[in-house]
Amino acid sequence: MRQKWANKVFIFSLLLILVVTLFPYDFAFKENASKINYRFLTSEFFKLRNFYDLITNVLLFSPFGFVFSCLMQRKRFPGIKTVGFILLTSFCLSFTIEILQLFIPSRSSSFVDIGASILGAFIGFLSFRLGGDKILGAALNLLRSSNSFLSIKKLTTAFIGYIILIFLTTLLWQNSGSLSNWNHTFPLSLGNEPTGNRPWKGYISELYVANKAVSDQEAESAFSSEIPFSAIKKDLVAFYQLTGTGSYPDLTGHLPDLSWRENSPTTQDQRGVSLNSNHWLETKSSVALMTQKIAATSQFTIGAVVATADTMQAGPARIISLSADDESRNFTLGQKGADLVFRVRTPVTGKNATSYQLAVPNVFGDTKNHQILLTYEGSILKIYIDGLKQPYSLKLIPEVMIFQLLPFDANSINLEIYKIFYYGLIFIPIGFFLALISARAREKLIFYAVLLFGGILFPSLILEAILAIGNQRAIRLDNLLFSMALAVSTMLIMKRWANSWLRREITA
């Protein structure tokens, strides 16, 4: 029996490694073939790119090495041959994965990850050699004891609790993109925080803000039109032309003038007003009207023409900020290194908006003027740079939120892939619960029928209704069918195993 379980756990550990390391599976072989060149193989491939990947590889390959050692013991391989074969297999598997990751845009490859994988497999081997029998014995005892606790009542209670937890989490995340928590007391600052401790060196010649989002087509036309905000002209809440000296009025008449803090600059530049640690712009009072209008719609568009004076700045240095200090803001557009960074306050990102932020690489790699357009609607932030048709985006929706903490650029992943994994995380466990319950309740036909009907259709319908309301769309039949199919297929696959496990004691 131990050999049988070892085979299953080995297959599971191998599949887990492939599922985690190759996510999100959006291979682009032709587009990324140029990555493999002499410079990469001799230099870039040997750099540590992501500490989280390092830890993940150790954790993934440790169970792999442990179970592999168990299987090798059954073949009566001596210890030296076993460890050699395990390390060689781990190297080949990890090397293959790293090469495949080269063709996944959101992943990065490194020889250091291969070393971490080999280390993880070796830790698994040592764990088996030093205490394999005790660990396996404890695991089998746990499986035996769990059989007596899995009654219909306890399984049903756990199932209902899981459903409630999923719905509450989804409802909580539905408000994740709302801007209703914006603070109305903040001033508008250009080139620094109001506290003066996050200066930016650069130039701004134009800034406009609207409490309405723009479509991709409207964003594209904004870069070619003489009046970039023509599509949202009636929704403008601020428009500043930053040329000349003195203070700068809001041409819409809604907001206070932008006035100089510290000293006003003594020189003019064709790129716009000069901002640095000695002089930056700020409204003398809060911009409450703009904040209230944006909070009411939970939409905005921000357009600006900016140029950096230093291609490597820290902080991020504040270009445009609606904030009180460096710990409390509604939004901030900044520069970190040569990258553009944008933070927006929502119930999920927090009052400092540091939980999730969107970084656009190498925007400030030169000192030329750049036209920047940011638009936000329905929990999705998009940034267009210099007429770029494919915007950078940050998605604050339930299907995406759980993946934002993963150690790669989750925002570059197709939204459909997010949906598949989000529904899988919810409905595969539902199918597993239903398989266990159906194995216990075979003789209680009415209870069995009600539970299957309510456990498959009801969660699918409620979840789809919550997502539809939150995303302001209609209920989609394909989403309903997909979620139900996940639950039913998982239940059917696991039912045979559940019947055999729950109807007899597990023996060693």
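This is a predicted model: local features need pLDDT of at least 70, side-chain atom pairs count only at pLDDT 80 or more; totals for chains, interfaces and linings use all residues.

Colleague: What makes a stretch a helix or a strand here?

Modeller: A helix is a DSSP run of H or I with at least four residues, and a strand is a run of E with at least two, numbered from the N terminus. By that rule the chain has 13 helices and 14 strands.

Colleague: Why is β2 said to be largely enclosed by the rest of the structure?

Modeller: A residue is buried under 20% relative accessible area, exposed over 50% and partly exposed in between, with a 1.4 Å probe and protein chains only. In β2, residues 202-210, nine of the nine residues are buried, so this strand is largely enclosed by the rest of the structure. For the chain of 508 residues, 49% count as buried.

Colleague: How do you know that β2 pairs with β5, and in which sense?

Modeller: Two strands pair if DSSP finds at least two bridges between them. Three bridges link β2 to β5 (residues 273-275), therefore the two strands pair, and the sense is antiparallel. Within this pair, Ile-204 stands opposite Val-273.

Colleague: Which other strands are joined to β2 by bridges?

Modeller: Strand β7 (residues 300-308) is joined to β2 by eight bridges, and β3 (residues 236-241) by five; both run antiparallel to β2. Glu-206 faces Val-305 in β7 and has Gln-241 as its bridge partner in β3.

Colleague: Why are β4 and β11 called edge strands?

Modeller: Seven strands form an open sheet with antiparallel pairing, in the order β4-β6-β1-β8-β9-β10-β11. Strands β4 (258-262) and β11 (358-360) are its edges because each pairs on one side only. The partner of β4 is β6 (residues 279-283), joined by five bridges, and Trp-260 has Leu-281 as its bridge partner there.

Colleague: What share of the contacts in the chain between residues at least 6 apart in sequence join residues at least 24 apart?

Modeller: Contact means heavy atoms within 4.5 Å. Among contacts between residues at least 6 apart in sequence, 71% join residues at least 24 apart.

Notes: Residues are numbered from 1 along each chain as its sequence is written. Side-chain values use heavy atoms; hydrogens and water are left out.
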